[in-house]
Amino acid sequence: LLGLIGSLSFLASTTKEIIYALSLVAICIGGLVSSQIYNIKLGRKARHAEVQRNIREAVRLILEATSHGRNLNRDQQKAALSRGLDELRMAFSILARTPCRVCLKVVKLSTRGTDDLDAITFCRDSTETEAGAAHPIRHNTDFNDLYQNPAKKWFFGNDLMTLARSGRYMNTNPDWQAKYCSTAVWPIRGL
């Protein structure tokens, strides 16, 4: 009888130890998960804080280029705007955690003798040297959507390949698939 009672007390203490051990493991796992969530949130906040300097500098450079535009020739304006676009490129690259490119396009009446409107690159960030050709907006989903829907604030496509395969994205640049897989187009209207 004493042996049976001793065995039961041994099991009871072993069960308690197992429960304590499992509780300790659960607390450690919970702490680790909480720590990771905190690091992710803090990382986002840190990235957002980091880009504020880039965005302020971009706005300053762009305003400087446009407000002194009367005193600058076209090449000087483009150089000043390019520096501003460099700052925006750095901000977007930090936020997206992938290399980004930024350009400023203008929409003009086509020079092909039609009533079409073309999107033409006015200025790019300094990582891009290609001037770019005129592209009819009616065959480019991002610009056409914004033109057809003036109340629309922007066009954003995060997976252009999938959109193109499903017939929901068109682009007349023959190399677009090699150059980018997502795009954000924000129109500047009423200038």
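This report covers salt bridges and a nonpolar surface patch in a predicted model.

## Basis

Residues are numbered from 1 along each chain as its sequence is written, and side-chain values use heavy atoms, with hydrogens and water left out. Because the model is predicted, local features need pLDDT of at least 70 and side-chain atom pairs count only at pLDDT 80 or more, while totals for chains, interfaces and linings use all residues.

## Salt bridges

The whole structure holds 6 salt bridges (a side-chain nitrogen of Lys or Arg within 4 Å of a carboxyl oxygen of Asp or Glu). One of them joins aspartate 125 to arginine 89, with the closest N and O atoms 3.6 Å apart. Aspartate 125 lies in the loop between β2 (117–124) and β3 (135–136) and arginine 89 in helix α2 (residues 74–96), so this pair ties together parts 36 residues apart in sequence. Helices (H or I, at least four residues) and strands (E, at least two) are DSSP runs, numbered from the N terminus. Both aspartate 125 and arginine 89 are buried (under 20% relative accessible area; exposed is over 50%, partly exposed in between; 1.4 Å probe, protein chains only). Asp86, Arg89 and Asp125 are linked in a salt-bridge network.

Arginine 60 pairs with glutamate 57 at 2.6 Å between the closest N and O atoms. Both lie in helix α1, 3 residues apart, about one turn of the helix. Arginine 60 is partly exposed at 38% relative accessibility, and glutamate 57 is partly exposed at 22%.

## Nonpolar patch

Ile55, Val59 and Leu63 make a nonpolar surface patch of about 260 Å². Patch residues have over 30% relative accessible area and no salt bridge; like charges are joined within 9 Å, nonpolar side chains (Val, Leu, Ile, Met, Phe, Trp, Tyr) within 5 Å. Accessible areas come from the Shrake-Rupley method with a 1.4 Å probe; for residues, only the protein chains shown count as cover. Isoleucine 55 lies in helix α1 (residues 2–67) and is partly exposed, at 38% relative accessibility.
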